[in-house]
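Please look over the sequence and the structure before reading on.

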Amino acid sequence: MDAKRLENIPLFAELSRKDRERVARWTDEIDIPAGYHLLQEGRLPHEFFAIEEGRVEVTKGGEHVANLGPGDFFGEIAIVEHERRTASVVATTPLRAVVMSAREFALMQSEMPTVAARVHQAIRVRLARDADASPD
């Protein structure tokens, strides 16, 4: 993974060059065809994704939750919360993404508090959205 490309992903954009190089060593870059299922709700978590190019659809219980595109990330909730996947994600266009294993993701969180804070903020927003959508 080229550390320079991480500048285009908001989660990593404000990191120093040295820190982006560290993140680049922990990640791989993947190309995924449209229609590919990246995450399945209820499964155990193994990786975290940040989108460079393309779009994905997020569903929960078969219902549309969100569309994500360049700069967005997903897969963090189950890793951080130590739970099964809370949603399914399918590529709706050809996708180029940065992928990080759960182990490297945990390492990044412990060594880069600014990134960890952004990830935790996104989790709070997403879980609040899910709670608002739940019937009483």
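Strand 2 and strand 7 (residues 88-91) run antiparallel and are joined by 2 bridges; strands count as paired if DSSP finds at least two bridges between them. The model is predicted, with local features needing pLDDT of at least 70 and side-chain atom pairs pLDDT 80 or more, while totals for chains, interfaces and linings use all residues. Residues are numbered from 1 along each chain as its sequence is written, and side-chain values use heavy atoms, leaving out hydrogens and water.

**Sheet**
- In strand 7, Val90 stands opposite His37.
- The open sheet has 4 strands in the order 2-7-4-5, with antiparallel pairing.
- Strand 2 (37-39) and strand 5 (63-68) each have a single partner strand at the edges, so one side of each lacks a neighbour in the sheet.
- From one strand to the next, the twist averages 30°.
- Strands (E, at least two residues) and helices (H or I, at least four) are DSSP runs, numbered from the N terminus.

**Helix 2 and helix 4**
- Helix 2 (residues 17-26) packs against helix 4 (residues 102-111) at an angle of about 165°, with the axes 10 Å apart.
- Helix 2 is therefore roughly antiparallel to helix 4 (an angle over 145 degrees).
- Arg22, Val23 and Trp26 of helix 2 make the contact with Glu104, Leu107, Met108 and Glu111 of helix 4 (heavy atoms within 4.5 Å).

**Buried side of helix 2**
- Arg20, Arg22, Val23, Ala24 and Trp26 are the buried residues of helix 2 (under 20% relative accessible area, 1.4 Å probe, protein chains only).
- These buried residues pack against helix 1 (10-13), strand 1 (27-32), strand 8 (95-101) and helix 4.

Definitions and conventions: Axes are lines fitted to C-alpha atoms, for helices over the stretch in contact, and angles run from 0 to 180 degrees between N-to-C directions. Angles under 35 degrees count as roughly parallel, over 145 as roughly antiparallel, 65 to 115 as roughly perpendicular and the rest as oblique. Buried means under 20% relative accessible area, exposed over 50%, partly exposed in between (1.4 Å probe, protein chains only).
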